[in-house]
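Subject: Two-chain model for you to look over

Dear colleague,

I am handing over the structure below, and I would be grateful if you could read through it with the notes that follow. Please keep the viewer open as you go.

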Amino acid sequence: MSTRVHPELHRDIARFGGDDITKCMNCGNCTAVCSLAGDGAVFPRKTIRYMQLGLKDKLLASPEPWLCYYCGECSDTCPRDANPAETMMAMRRWLTAEYDHSGRGRRLYTSEKAVVTTILKAAFIPLALLLALHAVTGFQRIVTDRVELNTFAPVMWVWAVVLLHFAFLGYHLMMNALHMIQHIMKPEDPEAKVPWAAYLLELKSLAIHFITQKRWRECGEEHDGQWLTHLLLVSGYVIMLVLVVGMLGWFQTDNIYPVYHPQRWLGYYATLVLIYASAAMLIGRFRKRTQVHRFSRPTDWLFPSFILVGAITGILVHAFRYAGWPWPTYGMYLIHVMAMVAMLDSEVGIGKWAHMIYRPLAIYLMNVKKRTQNQAVPEAGALPTN
Amino acid sequence: MHHDKIDTDALVIGGGIAGLQAALDLADQGFRVLIVEKQPSIGGKMIGLSKVFPTLDCCSCICTPRMAEAEHHPNIAIMTYTEVRHVRREGDRFIADLVKKPRYVDEDKCTGCRLCEYACNTELPHEFEGDLGVRKAIYVPFSNAVPQVALLDLENCILCGRCEKVCPVGAIDFLQQPQETVVRAGTVVVATGYETIRTDFKKEYGQGRLPNVLGALQVERLLAPHGPYGRVLRPSDGKVPDSIAYVQCAGSRDRSAGVSYCSRVCCMYAIKQAMLLCGTLPLADITIYYMDIRAFGKGFEQFYQNAKAMGIEFVKAKVASITEDQQQNPIVRIEVIEEDGRVEQRQHDMAVLSLGLVPGWDPREVGLAAPAPDGFIRCTQPMIAPCRTPDEGVFVAGCAAGPKDIPDSIIEAGAAAMEAAAYLHEHTHVAGKETTTTCMK
């Protein structure tokens with residue numbers, strides 16, 4: 001099989017962050033110090049070597065960048081100060097952009113201007129839709145003597161738009177995931193076939209890793225806090241996602257339920273953990289005390305900031321309605337929706353939403369490959385490891 | 001407190017091989033030289049080594065005659081166990097304040113008979129043996145120390161008085177005080193040498209707490225003919241090691257350890273030690289984990305090829321971490337770069353850190369110009385006058401200017417002596433011939 005060399009590869013990836021990768025002299029310290037490397041997946045040195053050699057196809061077919069959770073130990077101990085951990089992060093950003101054939105990912109990662117315009121454009125959509133709705137009805141529908149949110153933003157209309165938006169984003173995401181699968185599963189030997197059974201049998205691991213990100217915990221106990229914060233964030237995020245996308249008709253209501261009603265305590269739980277986790281992440285990035293937080297790009301600030309804004313505005317909508325203030329409720333609701341639409345639109349192509357899919361998918365695909373290989377060569381697992 | 005005054009042509013700071021060579025080269029030209037050494041014996045690091053690369057000559061056999069020559073040279077005075085406090089310029093001369101630390105033994109009376117050492121019953125780790133052997137609270141620093149004068153470690157002494165009773169010449173003096181000396185000199189040669197980086201420089205390497213992970217200088221002592229055990233054993237249980245790992249670039253070319261430069265000698269001393277171990281322990285497996293082998297000097301490449309031919313295994317890998325199992329066998333974790341890149345944990349009986357060389361002394365402490373960014377003495381004209389420092393009239397030799405091997409140190413010491421002599425001729429009017437008779441002891 002021929003290999004095409006792309007000499008500009010490392011310069012291209014450098015636009016997504018990371019240090020000057022020509023510093024690396026391939027001593028292998030990073031791989032040997034990594035507690036996740038091993039068992040068929042050795043990184044970071046291997047992928048960094050691909051970068052140096054310009055082996056773009058090999059890098060596109062590497063699940064390794066997604067197996068790194070950025071504990072930073074390789075950067076701490078790198079004899080050349082080449083920041084392998086941040087380079088892995090840059091590779092993840094670059095891969096996200098490469099798997100995203102629409103070009104949005106690349107624009108957002110490499111241009112701050114693109115980030116701002118994307119956010120502004122997305123935030124304008126709910127504003128325009130609401131204005132259009134009320135313009136058609138001559139601004140007569142809005143109840144102002146008491147809080148009736150559903151007169152300001154009729155829930156069924158909102159729900160329909162949310163579902164449409166999600167269908168669009170979901171399609172985008174699935175296409176990206178498909179591109180990743182195509183690259184990683186492209187057989188080196190055209191004769192070799194991966195049986196469908198392997199894909200099916202590994203689905204369980206996909207689900208487990210998707211929900212728990214449990215491989216992260218192998219980074220070492222000192223990173224458990226980070227993992228837990230992330231898990232809390234995910235739990236809050238998923239609850240909110242289910243409430244908004246799946247059950248908006250039930251969630252956005254003008255009834256004030258008793259406190260023990262799930263509509264309320266689910267909302268409270270999600271709000272609390274989202275505020276806590278996003279604030280913790282922002283503070284970490286601000287302080288730069290840990291390796292993972294030393295290098296922050298604009299896109300890294302985006303997600304926790306939006307989460308924090310979303311959670312705070314969301315709970316304020318609730319508070320204002322509870323207080324019975326119609327206009328503050330409506331105004332805050334509009335800000336909340338604008339922020340959330342902007343977040344989803346700018347985040348789905350890149351970063352957070354992308355890694356939600358890519359990380360478990362990478363582990364899944366590796367397991368599928370391993371299962372196939374083990375079936376083909378039963379002794380493969382019994383290599384002497386000294 | 002005594003205040004002695006000494007007048008000399010050249011003050012040499014440091015009595016290691018570079019300082020001794022510079023002093024001898026100056027003294028042979030007729031200049032009066034004072035060597036100041038902070039340790040209780042001259043000889044520096046070299047006298048503690050086993051053999052030299054790439055010739056495998058005996059270190060003691062080269063270094064001891066130089067020490068003796070300096071001791072007996074009519075133009076050389078030596079002050080051991082003495083520290084330089086301050087150096088300043090006064091017109092054409094340098095004024096140096098020295099403090100001689102108390103040995104609690106009268107240097108003029110002591111004959112080095114060691115009766116005190118035999119009588120003392122306080123046992124302590126022996127610094128000269130890399131803390132592997134044992135010394136007494138009163139002791140002659142090592143068997144071929146110059147001067148052969150005992151030294152009392154008052155901090156650890158239990159003041160039982162046995163040494164005082166057995167001393168045949170009454171040399172023990174518990175009331176000795178630090179002694180200040182002011183030196184006037186025409187030039188200064190800095191030959192302060194190096195230290196190896198501390199074994200706890202990297203938390204991944206066990207922070208110096210793993211008993212079977214040794215520093216290279218400790219292994220020099222294990223291999224020396226008069227070393228602490230008289231043979232090669234591992235410290236934790238006295239087992240003869242069957243498998244020994246060398247961890248190269250431990251504290252050099254490692255920015256995470258704060259040392260970005262190459263220490264120049266570690267590749268060759270590791271190969272030398274591995275060869276000597278092959279001779280001592282013919283059945284042992286020796287593995288050298290390296291990033292690059294830098295065999296740049298005369299005869300070095302052949303030396304490296306010989307080592308490979310002897311069956312020493314060279315594995316290209318930076319050791320990421322060293323841990324130990326329940327038997328205290330060191331386990332090194334590496335990526336097998338030259339094969340499939342898998343991560344392996346390899347168990348050995350003993351591991352040796354090829355520790356990098358770091359500066360042993362900061363010239364700012366005595367009022368001299370700041371060192372280069374790497375901490376070694378700054379050389380202002382490395383191409384045309386390599387021994388010149390920012391302070392006019394102060395010259396540098398040996399590892400004080402940067403890591404180097406013994407032949408290079410000796411060449412540089414000669415160069416420093418030559419530049420210092422030229423400086424003396426130019427700036428002071430103490431031409432060599434009239435000073436030959438002045439010998440201070």
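Two residues are taken to be in contact if their C-beta atoms, placed from the backbone, lie within 7 Å. Helices (H or I, at least four residues) and strands (E, at least two) are DSSP runs, numbered from the N terminus. This is a predicted model, in which local features need pLDDT of at least 70 and side-chain atom pairs count only at pLDDT 80 or more, while totals for chains, interfaces and linings use all residues. Residues are numbered from 1 along each chain as its sequence is written, and chains are lettered from A and ligands numbered from 1 in the order in which they are written.

The two chains

Chain A has 18 helices and zero strands, whereas chain B has eight helices and 23 strands. The radius of gyration is taken over C-alpha atoms, and the globule rule is 2.2 Å times the number of residues to the power 0.38. For the 386 residues of chain A a compact globule would have a value near 21 Å, and the 23 Å of chain A agrees with this; for the 441 residues of chain B the rule gives a value near 22 Å, with which the 23 Å of chain B agrees. Along the principal axes, the C-alpha atoms of chain A fill a box of roughly 75 × 45 × 40 Å, and the C-alpha trace of chain B spans about 70 × 60 × 35 Å.

A residue counts as buried if 20 or more other C-beta atoms lie within 10 Å of its own, as exposed if 12 or fewer do, and as partly exposed in between, with C-beta atoms placed from the backbone. On that basis 38% of the 386 residues of chain A are buried, and 50% of the 441 residues of chain B are buried. In chain A, residues 24 or more positions apart account for 75% of the contacts with a separation of 6 or more; in chain B, 69% of the contacts between residues at least 6 apart in sequence join residues at least 24 apart.

Where the chains meet

The contact between the chains takes 21 residues from chain A and 20 residues from chain B. On the side of chain A, the elements that give two or more residues are helix H2 (29-33), helix H3 (45-53) and helix H5 (73-77), and H2(A) gives the most, with four residues. By class (Ala, Val, Leu, Ile, Met, Phe, Trp, Tyr, Cys and Pro count as nonpolar, Asp, Glu, Lys and Arg as charged, and the others, Gly among them, as polar), this side of chain A has eight nonpolar, eight polar and five charged residues.

Domains of chain A

Domain bounds come from an automatic or database domain assignment, which divides chain A into domain 1 (9-99) and domain 2 (104-370). The centres of these two domains of chain A, taken over C-alpha atoms, are separated by 27 Å, and their contact takes 25 residues from domain 1 and 31 residues from domain 2. H5 and helix H6 (84-99) of chain A are the elements that give two or more residues to the domain 1 side, where H6(A) gives the most, with seven residues.

Ala61(A) lies in the loop between helix H4 (56-60) and H5 of chain A, and is partly exposed, with 17 other C-beta atoms within 10 Å. Not counting residues up to four places away in sequence, Ala61(A) touches His183(A), Ile184(A) and Lys186(A); Lys186(A) is 125 residues apart from Ala61(A) in sequence and 7.5 Å apart in space, C-alpha to C-alpha.

For chain B the assignment gives domain 1 (1-99 + 178-193 + 360-436), domain 2 (102-177) and domain 3 (198-357). The centres of domain 1 and domain 3 of chain B, taken over C-alpha atoms, are separated by 32 Å, and the contact takes twelve residues from domain 1 and 19 residues from domain 3.

Helix H2 (residues 59-72) of chain B has 14 residues and reaches 20 Å from its first C-alpha to its last, close to the expected 20 Å, the expected span being 1.5 Å times one less than the number of residues. The buried residues of H2(B) are Cys59(B), Ser60(B), Cys63(B), Arg66(B), Met67(B) and Ala70(B). Seen down the axis of H2(B), these buried residues fall within an arc of 145°, so they line one face of the helix; the arc is that of the directions from the helix axis to the C-beta atoms. On the other side of H2(B), Cys61(B), Pro65(B) and His72(B) are exposed. The cover over the buried residues of H2(B) includes helix H1 (17-27), strand S2 (33-36), strand S3 (51-52), strand S4 (57-58) and strand S5 (76-79) of chain B.

With best regards
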